[in-house]
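Biologist: I am new to this structure. Please show me how to read it, feature by feature.

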Amino acid sequence: MQTHNEVLKRVETLNPTHVELINESMNHAGYFEGKESHFKLTVVSPDFEGKRRVARHQLIYSLMDNLMTSQGGSIHALAIHAYSPDEWQQQNQTVPASPLCAGKNKA
């Protein structure tokens, strides 16, 4: 839960009105109890108003920095769903389902 809690702490800097973080590591190859490598993050924030999707993702990735595996951290994959409050309402407050992991059933 250490990585999970750190992600939530960092996302708070975006003044979110809604945050949901789901550890999806168990859906991926090489899972073991307690693994924190694959997450799905939903963030609703007025800070995203007027920003394109790529700018929102870049902002979130900049917050995660050393938590990502390329920087020595434990997060291998971070699915980001970033909405402004109006977009979240239009989305009916639902997030797309995650795809199945292609490597889960590999030996």
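Modeller: Start with pairing: two strands pair if DSSP finds at least two bridges between them. Helices (H or I, at least four residues) and strands (E, at least two) are DSSP runs, numbered from the N terminus. Here, β2 and β3 pair in the parallel sense over 7 bridges. In β3, Ile-80 is the bridge partner of Leu-41.
The model is predicted: local features need pLDDT of at least 70, side-chain atom pairs count only at pLDDT 80 or more, and totals for chains, interfaces and linings use all residues. Residues are numbered from 1 along each chain as its sequence is written, and side-chain values use heavy atoms, with hydrogens and water left out.

Biologist: In what order do the strands of the open sheet lie?

Modeller: Strands of a sheet pair through backbone hydrogen bonds, either parallel or antiparallel. This open sheet has 3 strands in the order β1-β2-β3, and its pairing is mixed. β1 (18–23) and β3 are the edge strands, each pairing on one side only. Neighbouring strands are turned by 10° against each other on average, direction ignored.

Biologist: Which strands of the sheet does α1 touch?

Modeller: Contact means heavy atoms within 4.5 Å. Axes are lines fitted to C-alpha atoms, for helices over the stretch in contact, and angles run from 0 to 180 degrees between N-to-C directions. α1 packs on the sheet and touches β1 and β2, its direction making about 160° with that of β1. α2 also packs on the sheet, touching β2 and β3, and its direction makes about 130° with that of β3.

Biologist: How many residues does the largest nonpolar core have?

Modeller: In soluble globular proteins, nonpolar side chains tend to be buried together. A nonpolar core is a set of buried Ala, Val, Leu, Ile, Met, Phe, Trp, Tyr and Cys residues joined through side-chain atoms within 4.5 Å. Buried means under 20% relative accessible area, exposed over 50%, partly exposed in between (1.4 Å probe, protein chains only). The largest core has 16 residues, and Ile-60, Met-64 and Leu-78 have the most contacts inside it. α1 (2–11), β2 (38–44), α2 (53–64) and β3 (77–83) each give two or more residues to this core.

Biologist: How many aromatic pairs does a search of the whole structure find?

Modeller: Rings of Phe, Tyr and Trp (its six-membered ring) pair if their centres lie within 6.5 Å; planes under 30 degrees apart count as stacked, over 60 as edge-to-face and the rest as tilted. The search finds 1 pair. The ring centres of Tyr-83 and Trp-88 are 5.4 Å apart and the planes lie at 40°, so this pair is tilted.
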